[in-house]
Amino acid sequence: MADHFEAEIKTAIQNGDLSSAAEKTQEYLNELENTPLIIAITGEGGSGKSTLVNALRGIKNGTDGAAPTGPTETTKEPKEYIHPKNENIRIWDLPGIGTTKFKTDEYIKKMEFEKYDFFIIVSSERFRENDAKLAKEIQKMNKKFYFVRSQVDSSIENAKHDYPNFNEDEVLESIKNYCTEELQDLGFESPKVFLVSCFKLHLYKFEDLCKTLMEELPEHQRDVLLLALPNISLDVIKRKKETLGSKIMWLSAASAAGAAVPVPGLSAGVDLSIIVSCVIQCAISLGLTPGLLQKLSDVTGVSLEDLKAELKSPLAGVKITSALVLQVLTRSAAYILATTVEEGARLVPVIGTVVAMSLSCATTYKALKYILNTLAEDTQRVFIKALGLNSPV
Ligand SMILES: Nc1nc2c(ncn2[C@@H]2O[C@H](COP(=O)(O)OP(=O)(O)OP(=O)(O)O)[C@@H](O)[C@H]2O)c(=O)[nH]1
Ligand SMILES: [Mg+2]
């Protein structure tokens, strides 16, 4: 959290001014909510840029709203795609540098390189002079870029025909070394190259790419990106749950001064409007809305029916309304009240105090954590089903 927010919230709490602490917390949350993240996908023509744009948005090539792809579907103009999980995330599909009539410096100007937060440079075979030129210009602008060696799945398939003693790990290692050496020849001392298949994001090094982005992005943008990622591993789901959990703490604190709605069974009442919008956000980030489940079904080929069969929470796979949330809370009231605000929450200095000071805010916190836990469990089961994995880890 930004220092000035934390200081202001602390002061308000020390002065016993809960409502201004809640107001500041809300301000902080609004800032988080409105953090833009603008990503550029660039590289040679035909390397798989548009497919990567679709994969990052969890959309299957060729379906509604997907960036046009295919051996002849050349992207000629830069085009912005809004992320279905967060409209503040914009992914730009740029034309292949080799396929435009522009020189590198003209390309950079025309593509307005200054507006992006970071760049992914895609190549399906070798990195060339053009890729290096782009990267060097990006470097000059003090921005980050990441090399992605795409279409690794088809390289692996091809290699099966090439080597009688085919060994997947060896082939992957040699592709990586080859790309690294090329980039070293082009003037990059220790380049990082991520081997990716856009059709199988859970394999190879897409997750490493995400982890690197998380390490290198500023805090707000890191959370924004994490919550919008496709569920590529149980670890990503766990990290989403943690991030949503800490958001829930702040939201509950912000609700301290709000009007508590009496919920049958929950004696302290809760802030229902905050709960409903937070549950919707959890369902979106975890990919459990009807629309996002359909997209997952498209991408994985597992039927929507089979994915939905894994859902246990009445809030997953359906349109979330206040009435439905109220119903769930009423039904689970006894269980929610019996849970304790866990150690972790109390240890966070500012928030713990607010939660401890306001009974209704503690109830809001517990109710939201309960719903988040059930949604996260559903997400794990859906993930395992979608990838055809047998046992939960
Ligand atoms: N097997 C496999 N094929 C891929 C992958 N990524 C892209 N392709 C295929 O490669 C072809 C080109 O992909 P596009 O995403 O259209 O490539 P592009 O870089 O946007 O192409 P231009 O816009 O023409 O520069 C398509 O037929 C894709 O289906 C991948 O990870 N694995
Ligand atoms: Mg394209």
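Author: A pocket is defined here on a 1 Å grid over the protein atoms alone, as an open set of points where a 1.4 Å probe fits, with protein on both sides within 12 Å along at least five of seven lines; its lining residues have an atom within 4 Å of a point. Grid points are joined across faces, edges and corners, and a volume is the space filled by probe spheres set on the points. The model is predicted, with local features needing pLDDT of at least 70 and side-chain atom pairs pLDDT 80 or more, while totals for chains, interfaces and linings use all residues. Residues are numbered from 1 along each chain as its sequence is written, and side-chain values use heavy atoms, without hydrogens and water.

The second largest pocket holds about 420 Å³ of space. It is lined by 25 residues, of which Gly-46, Ser-47, Gly-48, Thr-51 and Gln-151 are closest to its centre. Helices are DSSP runs of H or I with at least four residues, numbered from the N terminus. Helix H6 (152-162) and H3 each supply at least two lining residues here, and H3 gives the most, with three. By class, this lining comprises five nonpolar, 17 polar and three charged residues; Ala, Val, Leu, Ile, Met, Phe, Trp, Tyr, Cys and Pro count as nonpolar, Asp, Glu, Lys and Arg as charged, and the others, Gly among them, as polar.

The largest pocket contains about 680 Å³ of space. Helix H3 (49-56), helix H12 (290-300) and helix H17 (359-386) each give two or more residues to its lining, with H12 giving the most, five residues.

Technical notes. Chains lettered and ligands numbered in written order.
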